[in-house]
Amino acid sequence: MKKGFLYKIKKNEVSNPFHRSFKIEKWIQDFQKYFEEDAGSSNKENFEYKSYSVDEDLNIFQLGLIFGIFLEEIRGELDNLYNNKNPFSTYEEIIKFYFSISNRNKKILLEEFKIFETNLSNKTFNNNFMKNELTAEDIAHGSIDSISNAIHSCIIKMNKKIKLKISDKPISKLFFAQKEAFLSEMYYALENYWNSIILLDYKFFSKKSEDGKTYYIVFQPESEYEKISLISNERREKIVTQRAFFAIGDDYLYTKIKKEFKYIKNSKAFQVVKFSENNKIMSTYLSLLSQEAYLSDFIPTEIMKNYYNNQFNILDILKVFKQLVLLAIQFADNYVDENIEENEFEKLLQFCPIIKKRKLIKSLCELTGYKFLKIKIILKFLEYEGNKNDDLWVNPIISISKDEYILLTGAIDSPNLLRTVERWLVKLNIPLDKRGDYYEVLIVKDFNEVVENNKEIKDFNKSVSKRIKLNNAEEQIDFLCRIGNKILLAETKCIITSDSPQREFNTYKRLKDEASIQVNRKKEFILQDLRKIFEILKWDFNPNVEYEIITFIINSNRTLVGLSANDIPIIDKEILLNYFRRNKFPILSTMNEDEQIIHIAYFILYNNLEEMYKNFTIYLKNPPPIILHKHSFERKLIQMPRLSEESPIIVLSRLIPIKIHPREILEKDYPFKIEKEKEFDEYINKVDFII
């Protein structure tokens, strides 16, 4: 177990550069004290904690020193801005500029997207100050996350009634807002780098160039963990997109929704209107409906319908939120981008929609049938107020006066509803324990349906989720079934979406330190008396059969699917079900002339029952959606902008997905045979493939 200087940082025994109490002098003193204690204990027999090398300790010390210096510069620049260059009289006005900058950046990005018809996940853009190659996801997320610290700071000062004073020599409002947004973005990036090194697999080291400059490298290794983290996160987003795609193309659903669809039209009157000929509005609404239906796979109906403080439930919030999304789409469509000069700040403010509260509430009352007070309370819940659990992605409105809201359109023009609802539940302090029980029952139900529909599988016992008592001991078994001589035993974990280094670390910690240990313990529990377990479950035990228990972890949030925790494979529900649905897994798909998706290459997972039993363990450790993309990465460098000649030069060396030709994908080594359709050669040279 690593218990070096890093261990002290993780345990908050040492303040890190992002703590308010951090001082470079204190950091040096803390490290010297640690090093002296370490040297003093080197002759002791009990030297368990010193498993960290001196070099690694020095790297962490240097990391804190360099980041501390950079953060001091950022804080100094912010102080200088507000004390000597501030042109604003209120924080509300500054926030409007931040919303404008963010919404404009997202609009520009979406316009650039229209140029490319291929998969944007493999496309990079370098039209930025440092000419760094950034992915579409980097830019989309950055347009919101880059302003979050600046807005949070303003909101906290507003809540504390701190007055803002215009400086004697103010700079232009546009330049001020851009500068603070720039500093906020740098702070956010450094914090992510820090957490990726401290909590995840990233490394930190320094390197001198030929011209004598020292570069400080934040290095993402090409490790199994990092590649699977990237692949599983991208897969999670693709699944949401694909579900939306199929919903948008569903003519029956479109016709049904068309009859009852209403929305708030972005006009002075904010009137409620029926069906829109605007395809973007309809497709967005269908996408939201598909995501909302998908929520039932993860969140119990009782949680969705339960009233909080006897005022509203999650379904009520969703009704209002969906209308805000459709408004955001309309506002964004009306943005007119043009070059904005330093003194033309009014042009920038067109990107900050200002909404009259009373008009919005009245329109939402008409549309939902809810009373005025209920809508007012729901909108209050959706406001970003700078609280611990507030998040601009799910709290996209800010009250800038008693009569007006502003809307962060870029945050909700294509929301992930599962993450959104999860964040609302956290904000409402709703215990998520019931989600685990619900998820277990859902897996059992869906698995049994799939196995029963597979006509090849005849020798099996249905899966169960059950508390079992045996020999004065008992265990809660999340998932247990038998197919042939294979006993499938899984530990299920219902974990909220991992969307940051901290949450990913917490996810892996739960899977490694909890789930893998629990499933191994339950395996030993079952092996104590396997015959008795069969008897309790009313399964027929055959003494002549050599049963094998196969253990795995089912993770609801899909993060790190394809990885193993203490040699226990991590999968999700869909990966489990797909193995027993069919013996083929499509690798390459495309659209035919009728705009239908056809599959032209497959993995053959098994050919018969014997292979089904034998290959299941191989499948668990090599889920097809993951192994297909393990070779699809290249290394790119991102240099952090410097604030002065004295600023440390910090460079992120990271992995990004690249596009590989379908033929090259098929030429890689896989644990499964590949089968091609007869149309393969006809379609292989087409550009658009779904992989």
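Biologist: Where is threonine 551 placed?

Modeller: Threonine 551 is in strand E13, residues 548-555. Helices (H or I, at least four residues) and strands (E, at least two) are DSSP runs, numbered from the N terminus. Before we go on: this is a predicted model, where local features need pLDDT of at least 70 and side-chain atom pairs count only at pLDDT 80 or more, while totals for chains, interfaces and linings use all residues. Residues are numbered from 1 along each chain as its sequence is written, and side-chain values use heavy atoms, with hydrogens and water left out.

Biologist: Okay. Is threonine 551 buried or exposed?

Modeller: Threonine 551 is buried, at a relative accessible area of 12%. Buried means under 20% relative accessible area, exposed means over 50%, and partly exposed is in between (1.4 Å probe, protein chains only).

Biologist: And what does threonine 551 touch?

Modeller: Leu489, Val519, Lys523, Ile568 and Pro569, leaving out residues up to four places away in sequence. A contact here means heavy atoms within 4.5 Å.

Biologist: Switching to lysines. Why does lysine 573 count as buried?

Modeller: Because its relative accessibility is 7%. Lysine 573 lies in helix H20, residues 573-581. Not counting residues up to four places away in sequence, it touches Asp297, Tyr439, Leu442, Ile443, Asp446 and Ile554.

Biologist: What about lysine 630, where does that one lie?

Modeller: In the loop between helix H22 (624-627) and strand E18 (633-639). Lysine 630 counts as buried too, at 16% relative accessibility. Beyond its neighbours within four places in sequence, lysine 630 is in contact with Glu224, Lys227, Ile228 and Ile231.

Biologist: How far apart are lysine 630 and glutamate 222?

Modeller: They are 10.0 Å apart in space, C-alpha to C-alpha, and 408 residues apart in sequence.

Biologist: Now isoleucine 74. Which helix is it in?

Modeller: Helix H3, residues 54-84. Isoleucine 74 is buried, with a relative accessible area of 1%. Its contacts, not counting residues up to four places away in sequence, are Leu183, Met186, Tyr187, Leu190 and Leu643. As for leucine 183, it is 109 residues away along the chain from isoleucine 74, with 6.3 Å between the C-alpha atoms.

Biologist: What's the phi of asparagine 309?

Modeller: Positive, about 55°, although asparagine 309 is not a glycine. Most residues other than glycine have a negative phi. Asparagine 309 sits in the loop between helix H10 (301-305) and helix H11 (314-334), and at 66% relative accessibility it counts as exposed.

Biologist: And how about asparagine 472, what's its phi?

Modeller: Also positive, at about 65°, and again this is not a glycine. Asparagine 472 is in the loop between strand E10 (460-470) and strand E11 (473-483). It is exposed, with a relative accessible area of 88%.

Biologist: Let's zoom out. How many helices and strands are in the protein?

Modeller: There are 24 helices and 20 strands. The radius of gyration is 28 Å, close to the 26 Å that the globule rule gives for 691 residues, so the protein is as compact as a globular protein of that length. That radius is taken over C-alpha atoms, and the rule is 2.2 Å times the number of residues to the power 0.38.

Biologist: How many of the 691 residues count as buried?

Modeller: 52% of them. Among contacts between residues at least 6 apart in sequence, 71% join residues at least 24 apart.

Biologist: Last topic, confidence. What is the mean pLDDT?

Modeller: The mean is 88, and 91% of the residues reach 70 or more. pLDDT is the predictor's confidence in each residue, from 0 to 100.

Biologist: Which elements have the lowest and the highest mean pLDDT?

Modeller: Strand E1 (residues 124-125) has the lowest, 62, and strand E15 (residues 568-571) the highest, 98.

Biologist: Where does pLDDT stay under 50?

Modeller: Over residues 42-52, for which the model has 21 contacts beyond four places in sequence.
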